[in-house]
2 protein chains.
Amino acid sequence: MQALYVENGELSYRSDLPMPAAGPNEALVKVLIAGICSTDLEIIKGYAGVQGILGHEFVGLVEAASDEAWVGKRVVGTINIGCRECAICLGQGPEHCPQRTVLGIINRPGVFADYVALPLANLIAVPDDVPDERAVFTEPLAAALRIREQLPVRPTARVAIVGPGRLGLLIGQVLALAGGDVTMLGRSTHSLALPQRLGLKTGMVDRGDDNSFDMVVEATGNEAGLAHALRLVRPLGVLVMKSTYAGAATVNLTKLVVGEITVVGSRCGPFEPALRLLSRGQIEVGTLIEGEYSLAEGLAAFAHAAQSGTRKVLLRPSGI
Amino acid sequence: MQALYVENGELSYRSDLPMPAAGPNEALVKVLIAGICSTDLEIIKGYAGVQGILGHEFVGLVEAASDEAWVGKRVVGTINIGCRECAICLGQGPEHCPQRTVLGIINRPGVFADYVALPLANLIAVPDDVPDERAVFTEPLAAALRIREQLPVRPTARVAIVGPGRLGLLIGQVLALAGGDVTMLGRSTHSLALPQRLGLKTGMVDRGDDNSFDMVVEATGNEAGLAHALRLVRPLGVLVMKSTYAGAATVNLTKLVVGEITVVGSRCGPFEPALRLLSRGQIEVGTLIEGEYSLAEGLAAFAHAAQSGTRKVLLRPSGI
């Protein structure tokens, strides 16, 4: 089958790969659409030494499964697969299992392929009223919702999202559903046009006043964005780190300690609420799509996604 | 009067300074004993551009006050003086008032002097059963207690304190009062002798397993200590930043985000509970004292305090 394969930080298109074998309690899923996220872009720069088939955002069709009831279902899939035996798996789920594999990231072939195998426990059926082009946003929307699982978001809180990119725009919409005054902060007026169309307040990040937000979400994944986020959050405020960082960065620890800031790392979130919001049309995702490519055009798709300011680039394995 | 004075990061002993003038609703306090803390050591290295009389840990005697009832009382004093008008002062106190002065740190002469002036609102009377040598620990003990104001500390939590120094040993004792399994981690067996005498569990910091503590308190104030703390805390765990850092440091953001760590900056705490614990004898401070000096010997006192592994060095303005 076809797939996008990463090896030693080098991405390649391959058409010679074997079909994945679905193990017991797993499904073989035909990938309908997959999405490129910033973590994928970090991986092809060498992040975490990932090897194999890339990709973790997808919507697909179950072609075979140990439980026949799944066959023919349109599904999305959570990305962490734990050992199901340790205290972490049994207590809170697979997301932090030390033995976990992670779809397209840690020791498990990803979804930039014709087919993928996933445990049935990871699958969630997609409601009929959520078309493929919206369902493919379930995973990043769930990641945005993770913030609301971790922290209360008061409707009167002054909230800023630094980075109006593919993930930032989902976070902004999710947090605005709390009823609050949410501001998307970017580095160029160009980057703020889409958040404005989505009805979000916007501002230039370098013009935001120090200590002026109760909660700031860092969604750029770069050191300059983090420095702004820490500068903007008020004493006793909360800074949410929502982007995958490859490695270390310099942080102003004086502000963090003297201002008694709380910093919260935030990663994978709940799929069911994401599908509910997509089903109800309460999160706009259509305008985030900037391009669709086949797997054979995968390298061009990645080049497009890596351009500054690009939002979501989708891959349709079998072409458009 | 005499005082230890810092100017352009240079500490000097001066005996030519005028007595402080106590304003309305202030007291003139004769300093009985003062303590040197790590923040003072950072300040004389240039931290925060502090100028003036240094020092913020003290116990003293009220010599004059607008309210006569205070005269003759033995007191300790909180260190933040807010504007008393802004939403922060009115809502949560002076600690984060943007206009605040801070005793011996920001725009307010400190306690390494014969006398200090402080608002009556900052004074707390010391119970008769707490001698001067214990009362002088009220401020750092309050800072240790701040952690318990910010976060729940479960008695079953695995808690580590990185840095068995003057502040770390107070933190360790405070957190152990929750009934938990508290480990003091240091870089040398020598540094672990005192925590062992205090009945705390100890370990070498570089031998602690990754992800092995639910809560880690960083109390070294250096980048290596912070790196260990982040390494030791488990996914979904809490890292408390308890030391003043001068400036920026490099932080492993991959662990912070992927492990969904919560980092909490922590500074000044409540004095009344600190005095209660000292009065009840539930916190041992006597063995933390490593030297006492007069103000005239102040430079020698600072040289002693700055030696690696030194715990508390006290100053008695009028000599011992």
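Analyst: Helix axes are lines fitted to C-alpha atoms over the stretch in contact, and the angle between two of them runs from 0 to 180 degrees between N-to-C directions. The model is a predicted one.

With that convention, helix α4(B) and helix α9 (residues 271–279) of chain B pack at about 110°, their axes lying 8 Å apart. An angle of 65 to 115 degrees counts as roughly perpendicular, so α4(B) is roughly perpendicular to α9(B). The crossing of α4(B) past α9(B) is right-handed. On the α4(B) side the contact is made by B:T138, B:E139, B:L141, B:A142 and B:L145, and on the α9(B) side by B:F271, B:P273, B:A274, B:L275, B:L277 and B:L278. Sorted by class, the residues of this contact of α4(B) with α9(B) are nine nonpolar, one polar and one charged.

One residue of this contact can be followed further. B:T138 belongs to helix α4 of chain B, which spans residues 138–150. B:T138 has a relative accessibility of 1%, and because buried means under 20%, B:T138 counts as buried. Apart from neighbours within four places in sequence, B:T138 is in contact with B:F271, B:A274, B:L275 and B:L278, and also with B:V76.

In chain A, a helix pair with another geometry can be described in the same terms. Helix α4 (residues 138–150) and helix α5 (residues 168–176) of chain A have axes that come within 9 Å and cross at roughly 45°. That angle makes α4(A) and α5(A) oblique to each other. α4(A) passes α5(A) in a right-handed crossing. From α4(A), the residues A:P140, A:L141, A:A144, A:L145, A:I147 and A:R148 meet A:L170, A:I171, A:V174 and A:L175 from α5(A). The residues of this contact of α4(A) with α5(A) comprise nine nonpolar, no polar and one charged.

The surroundings of α5(A) extend past this one partner. Eight of the nine residues of α5(A) are buried, so the helix is mostly covered. The buried residues are A:G168, A:L169, A:L170, A:I171, A:G172, A:Q173, A:V174 and A:L175. They pack against α4, β11 (158–162), β12 (181–186), α6 (189–197) and β14 (213–218) of chain A.

Helix α10 (residues 298–306) of chain B lies across β1 and β2 of chain B, at about 145° to β2(B). Strands β1 and β2 belong to an open sheet of three strands in chain B, with the order β2-β1-β4 and antiparallel pairing. The edge strands are β2 (10–14) and β4 (52–53) of chain B, each of which pairs on one side only. Strand β1 (residues 3–7) of chain B is joined to β4(B) by two bridges and runs antiparallel to it. In this pairing B:Y5 stands opposite B:I53 of β4(B).

Strand pairing also links the two chains. Strand β16 (residues 248–252) of chain A is joined by five bridges to β16(B), and the two run antiparallel. A:N252 has B:A248 as its bridge partner in β16(B). In a regular strand the side chains alternate between the two faces of the sheet.

Loops of chain A complete the account. A:G104 lies in the loop between β8 (101–102) and β9 (115–119) of chain A. At 2% relative accessibility, A:G104 counts as buried. Excluding residues up to four places away in sequence, A:G104 touches A:I43, A:V50, A:I53, A:L54, A:G55, A:P109 and A:G110.

Two other loop residues of chain A are exposed. A:N25 is found in the loop between β2 (10–14) and β3 (26–36) of chain A; its relative accessibility of 53% counts as exposed. A:N25 is not a glycine, yet its phi is positive, near 60°. A:R84 sits in the loop between β7 (80–81) and α2 (87–92) of chain A, and at 57% relative accessibility A:R84 counts as exposed. A:R84 likewise has a positive phi, about 65°, without being a glycine.

Note on methods: Residues numbered from 1 in each chain as written. Chains lettered and ligands numbered in written order. Predicted model: local features only at pLDDT ≥ 70, side-chain atom pairs only at ≥ 80, totals over all residues. Heavy atoms only, no water. Pairing = 2+ DSSP bridges. Helix = DSSP H or I, 4+ residues; strand = E, 2+ residues; numbered from the N terminus. Contact = heavy atoms within 4.5 Å. Buried < 20%, exposed > 50% of the residue type's maximum accessible area, 1.4 Å probe, protein only. Parallel < 35°, antiparallel > 145°, perpendicular 65-115°, else oblique. Left-handed = near helix turned anticlockwise from the far one by under 90°. Nonpolar A, V, L, I, M, F, W, Y, C, P; charged D, E, K, R; others polar.
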